Amino acid sequence: MPTRGEAPALFEECRIVRAHGELDTRTVAPLVRALVEARATRPGRLLLIVDLSDATFTDRSILTPLCEAWSDCRARGGWLRIVYDNHATDPTPFRQRGLIDRFPAYANAQDAWEGRTADAALRLTASAFPAAEANRRAEDDLPHRTTRQDTS
């Protein structure tokens, strides 16, 4: 269940929203409320860290509220950064929607505050896949001989 954490002194203009457990279409409402509340309690510039490190599962239902909060923060001269790792929070929804550059992973709130992303490998963009496809060798398309023998 998401809760809005109190920001340490270091994060004066920053709000932290923490989420716990599974986040899917049935359970995303508390995260949505926490994001709305964090944005409503801070007039002007807003720096927002969403900590998903205690989330055990996420699906694409988190994308709409995160994108709405991101847009609001940007319009107010701030930013939104997400704390997650590759083990609990699958970056696939971000990658499939082309949002991995907008929402790179941060290892913890301190790293998010300082803008230090967690893992360069998570920052693969959806556009990198077509580029890799374009650079594929022609012989990769050829059928390969297998050692399996037909026993019929």
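In the predicted model, A19 is buried, with a relative accessible area of 1%, where buried means under 20% relative accessible area, exposed over 50% and partly exposed in between (1.4 Å probe, protein chains only). A19 has its place in strand β2; helices (H or I, at least four residues) and strands (E, at least two) are DSSP runs, numbered from the N terminus. The C-alpha atoms of A19 and D54 are 6.4 Å apart in space, although the two are 35 residues apart in sequence. Residues are numbered from 1 along each chain as its sequence is written. Because this is a predicted model, local features need pLDDT of at least 70 and side-chain atom pairs count only at pLDDT 80 or more, while totals for chains, interfaces and linings use all residues, and side-chain values use heavy atoms, with hydrogens and water left out.

The protein chain contains five helices and five strands. Along the sequence these elements follow the pattern β-β-α-β-α-β-α-β-α-α. Of the 152 residues in the protein chain, 38% are buried. Among the contacts in the protein chain with a separation of 6 or more, 68% come from residues 24 or more positions apart, a contact being heavy atoms within 4.5 Å.

The largest nonpolar core has 28 residues, and those with the most contacts inside it are L48 and F94. A nonpolar core is a set of buried Ala, Val, Leu, Ile, Met, Phe, Trp, Tyr and Cys residues joined through side-chain atoms within 4.5 Å. The most is given by α2, with six residues. Apart from this core lies another, of nine residues, among them L47, I49, W79 and A112. Not counting residues up to four places away in sequence, L48 touches C14, R15, V17, L35, A38, R39, A69, C73, W79, L80 and R81.

The axes of α1 and α2 come within 10 Å and cross at roughly 10°; axes are lines fitted to C-alpha atoms, for helices over the stretch in contact, and angles run from 0 to 180 degrees between N-to-C directions. The two helices α1 and α2 are therefore roughly parallel to each other, since angles under 35 degrees count as roughly parallel, over 145 as roughly antiparallel, 65 to 115 as roughly perpendicular and the rest as oblique. In this contact, V32, L35 and R39 in α1 meet P65, L66, E68, A69 and D72 in α2. The residues involved divide into five nonpolar, no polar and three charged, with Ala, Val, Leu, Ile, Met, Phe, Trp, Tyr, Cys and Pro counted as nonpolar, Asp, Glu, Lys and Arg as charged, and the others, Gly among them, as polar.

G78 is found in the loop between α2 (63–75) and β4 (79–83) and counts as buried at 13% relative accessibility. Leaving aside its neighbours within four places in sequence, G78 is in contact with R45, L46, L47 and C73. G78 and G44 lie 34 residues apart in sequence and 8.8 Å apart in space, C-alpha to C-alpha. G44 is placed in the loop between α1 and β3 and, at 42% relative accessibility, counts as partly exposed.

With a disulfide taken as a pair of cysteine sulfur atoms within 2.5 Å, the count comes to zero disulfides. C14 is in no disulfide, and the nearest cysteine sulfur, that of C73, is 9.0 Å away. C14 is buried, with a relative accessible area of 0%.
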